[in-house]
Amino acid sequence: MLECLAVLAGSPWIYAVVGLSVLLDVFLPVLPSGVLVITAATAAAAGSTAGSAAVAGAAGAADTVQREVPSLLVLVLCAATASVLGDLVAYRLARRGGDRFDRAIARSRRLTRAQERLGTALSKGGGALVVIARFAPAGRSVVSFGAGSAHRRVGEFLPWSALAGTAWACYSVGLGYFGGQWLGAGWVGAAVSVLALFAAGLLAAYVMRRPALTRSAA
């Protein structure tokens, strides 16, 4: 798995794969979109020559062909744009889902609670919940579907979704890049960066569960 990611990070296809993964993980939260972003940023940390050698070493292959080093700016733009598009698709599907979708939402306690919190937080400008949820496991899905099924206006939801996607993309790329700079552009730096991303997700999930979050956001 790590070998495949290392090889992919040295290919221009990394942008398409990252974008597609981030776009779809609102529907399939098990997709390793964050791991892909961090792996690509870790490869970028090594530079054009050192990065090629590090990727080849991580892949365990004696590949002497210099691979392309991912651009940090393009990675951030790609991940952030895909995140917002995925949120918007989920929001639209939930908003236009009709009675059948509403009944499905009602059977999920997580989505029902998200509707209750978002109804107050978004209408009063407290979109911090949207930003925090972007880092929590499946939090993005809960918030996007919850905002749509609660029939919040797109003008209330979309700006916060854009801020959340940009913050998550910058954080993930920053983890990969600085982890590669400080710990080396091998599997150790990437692993520590991924653990830091998971730790942020656990913290965000804990904060989302606090009833005081809605009151402070509002």
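This is a predicted model: local features need pLDDT of at least 70, side-chain atom pairs count only at pLDDT 80 or more; totals for chains, interfaces and linings use all residues.
Residues are numbered from 1 along each chain as its sequence is written, and side-chain values use heavy atoms, with hydrogens and water left out.

Let me begin with the inside. A nonpolar core here is a set of buried Ala, Val, Leu, Ile, Met, Phe, Trp, Tyr and Cys residues joined through side-chain atoms within 4.5 Å, where buried means under 20% relative accessible area, exposed means over 50%, and partly exposed lies in between, with a 1.4 Å probe and protein chains only. The largest such core has 21 residues, and those touching the most other members are Val-18, Val-37, Leu-75, Ala-79, Trp-168, Ala-169 and Val-173. Two or more residues come from each of α2, α3 (33-45), α5, α10 (154-183) and α11 (187-208), these helices being DSSP runs of H or I with at least four residues, numbered from the N terminus. The largest share, six residues, is given by α5. A second, separate core of eight residues includes Val-130, Val-131, Ala-133 and Phe-157.

Next comes helix α9, residues 139-149, of which 11 of the 11 residues are buried, so that the helix is largely enclosed by the rest of the structure. Just after α9, His-151 takes a positive phi of about 60°.

Rings of Phe, Tyr and Trp (its six-membered ring) pair if their centres lie within 6.5 Å, and planes under 30 degrees apart count as stacked, over 60 as edge-to-face and the rest as tilted. There are five aromatic pairs in the structure. The rings of Phe-27 and Phe-145 have centres 6.0 Å apart and planes at 70°, so this pair is edge-to-face. Because Phe-27 lies in the loop between α2 and α3 while Phe-145 lies in helix α9, the pair ties together parts that are 118 residues apart in sequence.

Phe-27 itself is partly exposed, with a relative accessible area of 35%. Together with Leu-20, Leu-24, Leu-28, Val-30, Val-89 and Leu-93, Phe-27 forms a nonpolar patch on the surface, with about 640 Å² of accessible area together. Such patches are made of residues with over 30% relative accessible area and no salt bridge, like charges being joined within 9 Å and nonpolar side chains (Val, Leu, Ile, Met, Phe, Trp, Tyr) within 5 Å; a salt bridge is a side-chain nitrogen of Lys or Arg within 4 Å of a carboxyl oxygen of Asp or Glu.

Terms used. Accessible areas come from the Shrake-Rupley method with a 1.4 Å probe; for residues, only the protein chains shown count as cover.
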